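Please look over the structure shown here, and then work through the briefing below with the sequence at your side.

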Amino acid sequence: MATAHQQVIGWKAFLEGIIVKDILQIQHEYYQTIKRRSTGVSWSTKLSKFMWEMIHNLWMERNEQLHKTDRIHEVHGKQQLIQAI
């Protein structure tokens, strides 16, 4: 049921840190089962931060590959060339 609710708002939203309450509740109950003091909210906060850091790292790597190498010359003007053909 929790995944179905997340599906409604989308998994992209999940990656952006928008997580349905059902999932937080499941994580909170799990923590209670293993007798941890953490909460579903703290878990989602840490998860969201981790995902944003990963997305940022991927974006930075993309930029480095595109702008700090000769790769930009390979793709510069490519769209105009495709349209001309």
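In this predicted model, Ile23 is in contact with Ala2, Gln6, Phe14 and Trp43, once its neighbours within four places in sequence are left aside.

**Around the core**

- Gln6 lies in helix α1, and with a relative accessibility of 0% it counts as buried, because the cut-off for buried is under 20%.
- Not counting residues up to four places away in sequence, Gln6 touches Trp11, Ala13, Phe14, Ile18, Ile19, Val20 and Ile23.
- Ser44 is part of helix α4, which covers residues 40-67, and its contacts, apart from those with neighbours within four places in sequence, are with Ile19 and Leu24.
- Ser44 has a relative accessible area of 12%, so this residue is buried.

**Packing of helices α1 and α3**

- Helix α1, which runs over residues 2-9, packs with α3 at an angle of about 145 degrees, and the axes of the two helices are 8 Å apart.
- On the α1 side the residues that take part are Ala2, His5 and Gln6, and they meet Asp22, Ile23 and Ile26 of α3.
- Sorted by class, this contact of α1 with α3 is made up of three nonpolar, two polar and one charged residues.

- Although Lys21 and Val41 are 20 residues apart in sequence, the distance between them in space is 9.0 Å, taken from C-alpha to C-alpha.

**Aromatic rings**

- A pair of aromatic rings is described by the distance of the centres and the angle of the planes.
- The count of aromatic pairs in this model comes to two.
- For Tyr30 and Tyr31 the ring centres are 6.1 Å apart and the planes stand at 40 degrees, so the pair is tilted.
- Tyr30 is partly exposed, with a relative accessible area of 45%, whereas Tyr31 is buried, with a value of 8%.

**Charged pairs**

- Side chains of opposite charge can pair when their charged atoms come close, and the structure holds two salt bridges.
- Glu53 forms a salt bridge with Lys49, and here the closest N and O atoms are 3.7 Å apart.
- Because Glu53 and Lys49 are four residues apart in helix α4, they are separated by about one helical turn.
- Glu53 counts as partly exposed, with 40% relative accessibility, and Lys49 is exposed, with a relative accessible area of 55%.

Key: Residues numbered from 1 in each chain as written. Predicted model: local features only at pLDDT ≥ 70, side-chain atom pairs only at ≥ 80, totals over all residues. Heavy atoms only, no water. Buried < 20%, exposed > 50% of the residue type's maximum accessible area, 1.4 Å probe, protein only. Contact = heavy atoms within 4.5 Å. Axes fitted to C-alpha atoms, helices over the stretch in contact; angles between N-to-C directions. Nonpolar A, V, L, I, M, F, W, Y, C, P; charged D, E, K, R; others polar. Phe/Tyr/Trp six-rings, centres within 6.5 Å; stacked < 30°, edge-to-face > 60°. Salt bridge = Lys/Arg side-chain N within 4 Å of Asp/Glu carboxyl O.
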